[in-house]
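Please work through each task before reading its solution.

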Amino acid sequence: MNPAYLLAIDQGTTSTRAMVFDAAGRALAAAGRELPQIYPADGWVEHDPEFIWSDTLAVCRRALERAGVSAAQLAGIGITNQRETTILWERASGRALHHAIVWQDRRTAGHCRRLAEQGHQALITERTGLLPDPYFSATKLAWLLDNVPGARERAARGELAFGTVDSYLLFRLTGGKVHATDITNASRTMLLNIHTGAWDPELLELFDIPAAVLPEVKPNSAEFGTTRPDLLGAAVPVRGMAGDQQAALVGQACFAPGMIKSTYGTGCFMLLNTGARLRTSANRLLTTVAYGLGGEVCYALEGSIFVAGAAIQWLRDGLGLIERAADSAALAASVPDNGGVYLVPAFTGLGAPYWDPEARGAIVGLTRDSRASHVVRAALEAQAYQTHDLMAAMADDAGSELEALRVDGGLVANDWACQFLADITGLKVERPRVTETTALGAAYLAGLQAGVYGSLEEISAQWQRERWFEAAMDQAQRRRLLAGWQRAVRRVRSDLD
Ligand code: ADP
């Protein structure tokens with residue numbers, strides 16, 4: 001009998017995880033490690049690629065051991081990862097030349113502003129579906145090439161490789177044999193033409209990126225290469241790869257046009273499946289590749305918010321208002337309302353639909369009666385308001401009202417936050433039984449390639465709802481709260497100064 005276990009690697013912003021799934025999509029075991037964050041300057045965020053690699057290996061080994069599954073029993077590995085995070089490494093050794101520049105990093109805001117001022121925005125958006133923002137990899141890669149001594153010369157000689165984390169892990173897992181990425185990760189670099197699925201020569205010139213550093217672009221289910229046998233105890237084929245948000249879309253089985261998922265981890269990312277049709281947003285949402293399977297590409301509209309769960313982490317670590325993230329629910333519920341307090345978590349600028357890298361966070365509406373519980377509540381409420389802004393933009397772009405939202409990510413363990421989300425958006429908020437949708441999606445993609453699943457329909461049939469939340473708030477109160485939020489957002493926007 002064919003082995004039908006799948007190993008998913010989920011290399012996220014704050015942690016590296018591995019999970020072993022069986023063919024029914026059941027998680028048999030998991031292992032994880034926290035990833036240290038490096039903040040060298042205001043708005044700069046880095047990771048050590050050696051930690052990313054050694055943690056990945058350690059969690060894979062531990063998850064297999066816990067599941068009692070050997071590498072030889074795996075039908076494949078699926079990799080999913082924090083997107084856009086940029087690594088430049090030496091082909092000969094696999095060693096990075098510099099820390100990874102994380103997606104949240106704003107150091108290239110000036111470069112992006114200049115591109116917009118020089119009138120390149122239309123070209124960038126038309127080709128990539130993105131906006132000239134430091135969030136994406138292109139300007140981060142240009143920064144590395146310009147700031148690491150000797151990098152440009154070495155890149156020109158073909159000694160260096162660029163990749164997002166998927167590509168870096170694949171390179172290391174295959175012992176330096178394979179330099180490839182998948183179409184979803186590639187679509188976030190701002191260098192890929194999403195109409196053709198190929199690197200765009202004009203964009204490479206605009207960002208001054210030598211083609212010699214680029215990985216090969218593959219579909220999300222493919223033969224990506226096999227792992228070096230000594231790493232896990234046997235050579236295992238890597239058969240699935242996708243950026244974390246796209247993997248979550250797959251894990252949530254949002255395969256039909258009109259279906260939406262929203263993930264609340266460090267940031268919040270909402271993706272609307274638009275099918276084979278590539279839609280350009282009139283509301284500053286991103287157009288992105290949902291997945292590419294075989295020769296077919298499915299697109300999505302995406303709203304990205306940089307700080308979601310990270311605001312709760314900040315309440316815990318920055319302010320010391322709570323001991324554990326989960327305590328936020330009881331505190332929020334301990335007051336009848338937000339007491340007029342709004343928290344705009346623009347710690348690293350505002351993402352969609354504002355795209356204001358210079359904005360910074362604020363707590364507004366404080367009075368003598370404001371308590372810690374109001375601030376905690378405001379941080380949770382902000383998740384719903386941010387989602388509302390994305391939803392309004394998406395509904396306008398899609399030309400139809402949205403109905404349901406499949407949610408996942410660490411924050412949706414919080415029932416209070418899910419109910420408030422339903423109240424503010426008016427959407428039916430659906431929480432799945434398996435909330436590790438990112439890892440599950442990566443496993444599904446590998447399973448499709450391995451023949452564990454014959455079709456997307458087979459995967460859809462596995463999706464199960466654990467609970468759903470429906471709006472219970474009256475319209476007048478909803479409008480009043482949204483008006484308060486919008487006033488608070490106006491106060492932090494740098495483009496209104
Ligand atoms: P990532 O994959 O981006 O590292 P996760 O999906 O693991 O993130 O989610 C972790 C985030 O969720 C953290 O920022 C944490 O503050 C938040 N979080 C976890 N549990 C809760 C909770 N019960 N209530 C609110 N936020 C939570």
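**Exercise 1: The second largest cavity**

Tyr264, Leu380, Gln383, Ala384, Leu411, Val412, Ala417, Cys418 and Leu421 line the second largest cavity. The model is predicted, so local features need pLDDT of at least 70 and side-chain atom pairs count only at pLDDT 80 or more, while totals for chains, interfaces and linings use all residues. Residues are numbered from 1 along each chain as its sequence is written, and side-chain values use heavy atoms, with hydrogens and water left out.

Task: state which elements give two or more residues to the lining of the second largest cavity, and what its volume is.

Solution. 
1. A cavity is a set of points on a 1 Å grid over the protein atoms alone where a 1.4 Å probe fits but cannot get out; lining residues have an atom within 4 Å of a point.
2. The elements in question are helix H13 (372–398) and H14; helices are DSSP runs (H or I, at least four residues), numbered from the N terminus.
3. The volume is about 50 Å³, taken as the space filled by probe spheres set on the points, which are joined across faces, edges and corners.

**Exercise 2: A residue of H14**

Task: determine which residues glutamine 419 touches, not counting residues up to four places away in sequence.

Solution. 
1. Glutamine 419 is located in helix H14 (residues 415–425).
2. With contact meaning heavy atoms within 4.5 Å, glutamine 419 touches Phe469, Glu470 and Ala472.
3. Methionine 473 lies 54 residues from glutamine 419 in sequence, with 9.7 Å between their C-alpha atoms.
4. Glutamine 419 counts as partly exposed because its relative accessibility is 26%; buried means under 20% relative accessible area, exposed over 50%, and partly exposed in between (1.4 Å probe, protein chains only).

**Exercise 3: Helix H1**

Task: compare the span of helix H1 with the expected value.

Solution. 
1. Helix H1 (residues 49–67) has 19 residues.
2. The expected span is 1.5 Å times one less than the number of residues.
3. From first C-alpha to last, H1 reaches 27 Å, close to the 27 Å expected.
4. At the N-terminal end, aspartate 48 caps H1, with a side-chain oxygen 2.9 Å from the backbone nitrogen of glutamate 50.
5. Just after H1, glycine 68 takes a positive phi of about 70°.

**Exercise 4: Helix H4**

Task: explain why helix H4 is described as largely enclosed.

Solution. 
1. Helix H4 (residues 137–147) has 9 of its 11 residues buried, so the rest of the structure largely encloses it.
2. Among the buried residues are Lys140 and Trp143.

Notes:
A polar contact is a pair of N or O atoms within 3.5 Å; within protein, one must be able to donate a hydrogen and the other to accept it, and residues adjacent in sequence count only if both atoms are side-chain atoms. On a 1 Å grid over the protein atoms alone, a cavity is a set of points where a 1.4 Å probe fits but cannot get out, and a pocket is an open set with protein on both sides within 12 Å along at least five of seven lines; lining residues have an atom within 4 Å of a point.
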